[in-house]
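I opened the model to see how its parts are put together. These are my notes, in the order in which I looked things up.

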Amino acid sequence: MITSKRLAAGVCALLAALTAGLALPAPASAGEPTGEDAPQVDLVLDVSGSMRTADIDGGSRMAAAKKAFNEVLDATPEEVRLGIRTLGADYPGDNQKTGCKDTAQLYPVGPLDRTEAKTAVATLTPTGWTPIGPALLAAAGDFGESTGSKRIVLISDGEDTCAPLDPCEVAREIAAKGIGLTIDTLGLVPNSKMRQQLSCIAEATGGTYTSVQHTEELTDKVNQLVDRAADPVVTPVATEGAERCAAAPTLKSGLYTDREEFGQQRWYRVELKPGQELRSSVSVSADRAVNPSYGVLLRAVTAHGREIVRGEAAGDGRTDVISTGLRYPKADAEDEAEEDVTETVCLEVTHSFSAASGVKTTPGLPLELTVDVVDGPSDASDVASFGLGRGWWLLGLLVVAGFLAGLVWGWVSRWRVAVWRTN
């Protein structure tokens, strides 16, 4: 019995090691220069009085922001032109008119001097109001005439205090100018009203909203957004899914946005030819307060309702976005007559989010759907489609080696016991 257990454990360990090794993705190669202007990022930081609150990892919100900024400045890619703007950093008084003008460029958008930028951040002290709208307007003017990507990353711990200038309307005005500017928002220890406002700002320009409650989360997210600025900009196409497959829009390869009501299903159609593969993913964002424990399901079914493949994911309330994906390879045609015959694949998106008490259920939650129709793999080297591909021979070799090693170990163990008993 002991020998059998050891043998089984050895084989399982070898299988686990092989699987882990083959699952590692190939290293990504760096992108070639495109000849466009350098990407630009303007970090807009809330330095209002509420940033003194000590509720992030045992320290103040301001301390968390400073630590995150220092790490972000160290990690900023050389090709990114980065700037820092503040709001609420200078005026400590009670005059709203004056407080709503309190936004300043702490470090200009341009080549980054890390020491100078860190020194500027170190001088910040939580002070005044929260003029988000005026700060966004000013930040939109911080970029030069560059044709490269432009991104504002807004970090705030509260909603705007300068009504009637609505930050959402400001964001819509910026988007309407067509200057290719994206605004991403991060909410520190958010409440429902702040979450709604920051989500609205991000959505207006095709950006993202994320709630943050820990310093490490803030650092990771800002780093991710700064790195994303150097990526090619893809503008999602608005579409409207149907309640059933027969009435659904037919989508080609691309990135799409839609909204889905609570308890609703959204259907989309994709046409596949023999030898092609459908790769699709969906992300659903909680842009308002929702109850914990939720999930998202993406199904690919035939036009007759038979499920082909599915992808699903579950959340526990700690994230505002949940994503899943699927892959479906269409087999090659067996004869020439079938080569031009397409198959309609119906994509169904459902989620189990539920609105918290008193929260509006309309419009639906924003979803982002990617559709990629590519030529299917033509040989066994495509691990994702054909399992381990040519790695099967290595798997067999290791299994045999593990089996023989287990037998030898068992024989040696029994021999040692026999010698011990004899002596």
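I began with a four-stranded open sheet, whose order is 9-14-11-12 and whose pairing is antiparallel. Strands here are DSSP runs of E with at least two residues, helices are runs of H or I with at least four residues, and both are numbered from the N terminus. Two strands pair if DSSP finds at least two bridges between them. Strand 9 (265–272) and strand 12 (307–315) are the edges; each has a single partner strand, so one side of each has no neighbour in the sheet.

**Basis of the model.** I noted that the model is predicted, that local features need pLDDT of at least 70 and side-chain atom pairs pLDDT 80 or more, while totals for chains, interfaces and linings use all residues. Residues are numbered from 1 along each chain as its sequence is written, and side-chain values use heavy atoms, without hydrogens and water.

**Strand 11 and its partners.** I followed strand 11 (residues 294–302) to strand 14 (residues 343–351) and found seven bridges in an antiparallel run. Val301 has Cys346 of strand 14 as its bridge partner. Towards strand 12, strand 11 pairs over eight bridges, also in the antiparallel sense. There, Tyr294 is bridged to Gly315 of strand 12. Four residues lie between strand 11 and strand 12 in their hairpin, and Gly305 in the turn has a positive phi of about 95 degrees.

**Helix 4.** Which residues of helix 4 are buried? In helix 4 (residues 114–122) I found Ala117, Ala120 and Val121 buried (under 20% relative accessible area; exposed is over 50%, partly exposed in between, with a 1.4 Å probe and protein chains only). They lie on the same side of helix 4 because they cover an arc of only 100 degrees around the axis, taken from the directions from the helix axis to the C-beta atoms. Thr115 and Ala122, on the other side of helix 4, are exposed. The cover over the buried residues of helix 4 includes helix 2 (61–75), strand 2 (81–87) and strand 3 (103–110). At the start of helix 4, a side-chain oxygen of Asp113 comes to within 3.2 Å of the backbone nitrogen of Thr115.

**Lys150.** I looked up Lys150 in strand 4 (residues 150–156). Lys150 counts as buried because its relative accessibility is 10%. Leaving out residues up to four places away in sequence, Lys150 touches Gln40, Phe143, Gly144, Ile179, Gly180, Leu181 and Thr182; contact means heavy atoms within 4.5 Å.

**Cores.** A nonpolar core is a set of buried Ala, Val, Leu, Ile, Met, Phe, Trp, Tyr and Cys residues joined through side-chain atoms within 4.5 Å. The largest has 31 residues, and Leu43, Ile155, Leu186 and Val222 are among those that touch the most other members. Helix 2 gives this core its largest share, seven residues. Val222 touches Leu43, Val72, Ile155 and Leu186, not counting residues up to four places away in sequence. Another core of 25 residues lies apart, with Tyr256, Phe262, Leu272 and Leu278 among its members.

**Whole chain.** Last, I noted nine helices and 15 strands in the protein chain. Of its 423 residues, 43% count as buried.

How values were computed: A polar contact is a pair of N or O atoms within 3.5 Å; within protein, one must be able to donate a hydrogen and the other to accept it, and residues adjacent in sequence count only if both atoms are side-chain atoms.
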